[in-house]
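Please read the following report alongside the sequence and the coordinates.

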Amino acid sequence: MAYVAVSGGKEAIEESIRLLDYYRSGTEKDIETEAIENKMSLLVDRVMSEAGLYSRTYAALALKQCEGSVEEAVFLLRAYRSTLTRNYYTKTVDTDDMRVVRRISAAFKDILGGQILGATYDYTHRLINFDINHEDPARLHKEAQSRLAEEQPQEVAACPRVSDELKKEGLIDTFPTNDTQPYDVTTNMLEFPCDRSARLQTLSRADTGFISGLAYSALRGFGQIHPTVGELRCGYVELCVPYLFDEKETIYIGEVLMTEVECFNEADDQDKLKLAVGYGAVFGRNENKAIAMAVIDRELDNGGDYPTQNEEFVLMHGDSLEMNGFISHLKLPHYVTFQSKLDAVRKTRRADHE
Amino acid sequence: MDKKQLFTILAKADREIVASLSDDIQKNHNVTVVKEPAKTLAMIKLREPVKQSLFYMGEVIVSEAVVELDGAKGMGVTMGDDTEKALHMAVIDAAINHHVFTGMDILLKLEQEQKDFIMRENAMHLKTMVNFNSMDGEVPSDVNAFKKV
C-alpha cells in the first residue's frame, strides 16, 4: 500500500494556527510565565520530567504557548533541546547529599534523620477552597516571606538512607560501585535486553499516566509485587561540571529538585531470606511517578509474563512524545489507505450477496 | 576560595550583583571574549543507590562563556537562560585567576545570606518532622524492632 502526497489546505492551515491565538487569548487577563513557573509548580515538574529537560522557565513558557497541554509542552521542550549542543556532563550526582524537603518511610516509623512530611497534599481534605477566588497574592507572598524570616536557622544535615540500615543487616544485597558509563537513550536506539541505565533513564522521562497505570496494574494482580515504600525523599541535589582550566576543580552550576523512591519487595532469592529493592527517581515533586517507577523497576527485574515484566512493552510505549505523536498521526489524511479498506469491505459484501 | 564555592555563591546571587562586580573589574582591565556567551545543555549523571550504577536522569539548560582578562582566562557556566550572567561570572573568575579581584568580602557576605536563607527554609521543613506515639506495641518502630518481629 503506497503513500500518496497531496497538497492543498495551505490557507486553511494558516487560519487554523491563527485561530489558536483566538482560543489562547481567552480574556484580557494574562497569565504570566512567572506565575505558571511558581504557582503551577507541580505541572511544571511533570512537563520537565517527561521532557527529560530541567528548565522551569521554558516549561512554563511552553505550557503558556499550548494552553496547558502537557504533551504539547513536552514536544516543544524536546524540540528546543534538539537545537542545542550538549557541552557538559555533570559530575556524578549522589543523592545521599540531597538537601531534603520531604522524606518519609512506610516501612519504619523511626528512621535515622526522622520522617519529614514537608509540603504534601496527603493530609488535606480535598475540599475546594473558594476563598482562593478572592486571594490577595501579594499578601500571601508577604506572609510566607515573613514566616520564613521569623524562623531560627537550622543547619542542613544529610539524611542517612533507610536501606543502608538493612544493608548492614544483610537483608538487602549490597553491590560494588559500578562506574560503567551509562547508555544514553537520547542519542541511541533502545536495544533489548537493555542496560539498567537505559531502563532508568527511559522510566524517569516516561509519561506519568502511563507508568502510574502500569504500576497500578501490577499492584492489582497483573504483576508479582506489592511493595512497601522503604523511603521516599524529595529535595535538592547540586549539579557540578569540570572546571576547564584545572582538572582538580569543579564548578557548581545549580541545583535541581527531584523525588527519589526505594521500594522494598518480597525476596528475589529462592529461600526468601532477603528483600529486593526497586528504584525510582524523577525531576521535581512527583511522588506517584517515582513510586510507580520503583514498582516497574522491580517488576522488570523479576521478569515474567505480565505486561509490566516485559521490558520492550514497558520501555517502548511510555514516552510522551512518541506515544502522542503516533496516536496523533491517526488524524492525518489516510485517504488512500482508507479507500483501499473500503474497497475490500465492498468487495466482500458484493461477494456475499452473489 | 575554591571554584565550587565561588560558583555556588555566584549562581545563587542575583544577576545584578554579579553584573556590578564584573562591571567594576572591566573598568580597570581589558577583557576579551574567548567563547561567546551561549546556551548549551548539561546531562545529569546520577548514581542510583540500589545497584550502585550510573544513569542519565535528564538534561539542564546552562549558559556558558569564556573570557580572557589581561592574559588570564576565566569561565562561567550556570543553569538557566542567562548568557549575560555567565559572561559576568567568567569575568569574575578571570579576575580571581589573575589575582586582581577585590570583591571577595562581598562574595563572603552573599554566601552568608544564602546559607542563612537555606537554613531558615530548612527550619520550616524540620517543623514537619513527625513525633510518633505508638498506640500498638506490635508495630515495628525501626530496623532493630524489625529484626525482632
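## Contacts within and between the chains

Leaving aside residues up to four places away in sequence, B:Arg120 touches A:Leu148, A:Ala149, A:Glu150, A:Glu151 and A:Pro153, where contact means heavy atoms within 4.5 Å. This is a predicted model, in which local features need pLDDT of at least 70 and side-chain atom pairs count only at pLDDT 80 or more, while totals for chains, interfaces and linings use all residues. Residues are numbered from 1 along each chain as its sequence is written, chains are lettered from A and ligands numbered from 1 in the order in which they are written, and side-chain values use heavy atoms, with hydrogens and water left out.

B:Arg120 has its place in helix α4 of chain B; helices (H or I, at least four residues) and strands (E, at least two) are DSSP runs, numbered from the N terminus. A polar atom of the side chain of B:Arg120 lies 2.8 Å from the backbone oxygen of A:Ala149, and a polar contact of 2.8 Å also joins the side chains of B:Arg120 and B:Asp116. A polar contact is here a pair of N or O atoms within 3.5 Å; within protein, one must be able to donate a hydrogen and the other to accept it, and residues adjacent in sequence count only if both atoms are side-chain atoms. From C-alpha to C-alpha, B:Arg120 and B:Thr78 are 24 Å apart in space, and they are 42 residues apart in sequence.

The interface of the two chains can now be taken as a whole. In it, 67 residues of chain B are in contact with 87 residues of chain A. The size of an interface is often given as the accessible area lost when the parts come together. The area buried between chain B and chain A is about 7,400 Å², of which carbon and sulfur atoms give 64%; buried area is the accessible area (1.4 Å probe) that two parts lose on being put together, summed over both. Between chain B and chain A the count is 40 residue pairs in polar contact, both residues being at pLDDT 80 or more. The elements of chain B that each supply at least two residues of the side touching chain A include α1 (3-12), β1 (31-47), β2 (54-69) and α4 (104-126). On that side of chain B, the residues divide into 32 nonpolar, 14 polar and 21 charged, with Ala, Val, Leu, Ile, Met, Phe, Trp, Tyr, Cys and Pro counted as nonpolar, Asp, Glu, Lys and Arg as charged, and the others, Gly among them, as polar.

β1(A) and β2(B) pair in the parallel sense over two bridges, two strands being taken to pair if DSSP finds at least two bridges between them. In β2(B), B:Glu59 is the bridge partner of A:Leu53, and B:Glu59 also forms a salt bridge with A:Arg81. Three of them are listed below.

| Salt bridge | Closest N and O atoms |
|---|---|
| B:Glu59 and A:Arg81 | 2.4 Å |
| A:Asp319 and A:Arg78 | 2.9 Å |
| A:Arg24 and A:Asp21 | 3.6 Å |

A:Arg24 and A:Asp21 both lie in helix α1 (residues 10-25) of chain A, three residues apart, about one turn of the helix.

Chain A is itself divided into domain 1 (10-81) and domain 2 (95-122 + 157-326), with bounds that come from an automatic or database domain assignment. The contact between them takes 15 residues from domain 1 of chain A and 21 residues from domain 2 of chain A, and the C-alpha centres of the two domains lie 28 Å apart. About 1,500 Å² is buried between domain 1 and domain 2 of chain A, and carbon and sulfur atoms give 55% of this area. In domain 1 of chain A, A:Ser49, A:Tyr54 and A:Arg78 lose the most area to domain 2 of chain A, together 39% of what that side buries. Across this interface of domain 1 and domain 2 of chain A the rule finds one salt bridge and seven residue pairs in polar contact, both at pLDDT 80 or more.

Two local backbone features of chain A remain. A cis peptide bond, with omega about -5 degrees, joins A:Phe192 and A:Pro193, and A:Pro193 is found in the loop between α7 (162-168) and α8 (196-204) of chain A. A:Glu67, although not a glycine, has a positive phi of about 60 degrees and lies in the loop between α4 (56-65) and α5 of chain A.

Technical notes:
A salt bridge is a side-chain nitrogen of Lys or Arg within 4 Å of a carboxyl oxygen of Asp or Glu.
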